[in-house]
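Me: I would like to learn how to read a structure of this kind, feature by feature. Please take one feature at a time.

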Amino acid sequence: NINRVPPPTSAMKWKHVALKEQLREGIVALAETRWLPAEKNEFAEMLPAAMIYSTEYPCQLYYGGQRRGGVALIIPNGLGLLVEALRILVPGYVLRLKMKRPGSELTWVVYVVYLPPREQIETLEAWEKEEHDIPPVGVDVITVAVGDLNMDGELGTGTRSQRRLRALLED
């Protein structure tokens, strides 16, 4: 999480440097970007060798005027991936991309997710209402969910939010 490391100079400049370093390794997923539209555009200008796919509403405001939410997937141009479909399932919280390499039969379905603390179930329910038109899970489909699920405090694997997330990804 690049938000948690203290910046040596300005926070925005430090995040750009960190993103560029991480993009050398491949795809970067960001959860809780808290971007305003101008900030997303600034990142896009600083990363011309990558495509940024993010939620339409870069962040949600909540009580006290604090910003939260916003998810993004940043893909370096040289990977040869074709994004066939992009869908915002829950504005600010769940983004779905379908990707392929040209000439390949393998489809990647990637979810970038932010489940706000104490609102995981509500966010998962909103996601479930919007989820449709995905390819069935099978030999030629790989489904991946990345992000900040805020399930650290949940013990075991059978909690309500964990079961709901598993059902969304396995159906």
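Me: What should I look at before the coordinates?

Reply: Start with confidence, since this is a predicted model. Where pLDDT is low, the predicted coordinates should not be read in detail. Here the protein chain has an average pLDDT of 80, and 80% of the residues reach at least 70.

Me: Where in the protein chain is confidence lowest, and where is it highest?

Reply: Strand β3, residues 60-62, has the lowest mean, 69, while β7 has the highest, 93. Residues 1-9 fall below 50, and this stretch makes ten contacts in the model beyond near neighbours in sequence.

Me: How many helices and strands does the protein chain have, and what pattern do they follow?

Reply: The count is four helices and nine strands. Read along the sequence, they give α-β-α-β-β-β-β-β-β-β-α-β-α. Among contacts with a separation of 6 or more in the protein chain, 59% join residues 24 or more positions apart.

Me: In which sense do β8 and β9 pair, and over how many bridges?

Reply: Strand β8, residues 107-114, pairs with β9 in the parallel sense, over eight bridges.

Me: How do I read a nonpolar core?

Reply: In soluble globular proteins, nonpolar side chains tend to be buried together. In this protein chain of 171 residues, 39% are buried. The largest nonpolar core holds 25 residues, and Leu73, Val94, Leu97, Tyr111 and Trp127 have the most contacts inside it. At least two residues of this core come from each of β5 (71-76), β6, β7, β8, α3 and α4 (160-170). The largest share, six residues, is supplied by β8. Another core lies apart from it and has eleven residues, including Trp35, Phe43, Ala50 and Ile52.

Me: Which residues does Trp127 touch, leaving out those up to four places away in sequence?

Reply: Trp127 touches Leu89, Val90, Val94, Tyr111, Val113, Leu165, Leu168 and Leu169.

Me: Is Ser161 buried or exposed?

Reply: Relative accessibility decides this, with buried meaning under 20%. Ser161 is in helix α4, and its value is 3%, so Ser161 counts as buried. Ser161 is also a case of sequence distance against spatial distance: Leu124 is 37 residues away in sequence, but the C-alpha atoms of the two are 7.5 Å apart.

Me: What does the loop between β1 and α2 show at Glu32?

Reply: Glu32 sits in the loop that joins β1 (28-31) to α2 (37-46). Its phi is positive, about 55 degrees, although Glu32 is not a glycine. At 13% relative accessibility, Glu32 counts as buried. The Glu32 side chain has a polar contact with the side chain of Tyr114 at 3.3 Å, and the side chain of Arg34 makes a polar contact with that of Glu32, also listed at 3.3 Å.

Me: Where does Arg34 lie, and which residue is 34 positions from it in sequence but 5.2 Å away in space?

Reply: Arg34 lies in the loop between β1 and α2. The residue is Arg68, with the 5.2 Å taken from C-alpha to C-alpha. Arg34 is partly exposed, at a relative accessible area of 34%.

Me: What is the phi of Arg118, and is Arg118 buried or exposed?

Reply: Arg118, in the loop between β8 and α3, has a positive phi near 65 degrees and is not a glycine. With a relative accessible area of 69%, Arg118 is exposed.

Notes:
Residues numbered from 1 in each chain as written. Heavy atoms only, no water. Pairing = 2+ DSSP bridges. Buried < 20%, exposed > 50% of the residue type's maximum accessible area, 1.4 Å probe, protein only. Polar contact = N/O pair within 3.5 Å; in protein donor to acceptor, adjacent residues only side chain to side chain. Core = buried A, V, L, I, M, F, W, Y, C linked by side-chain atoms within 4.5 Å. Contact = heavy atoms within 4.5 Å. pLDDT = per-residue confidence, 0-100.
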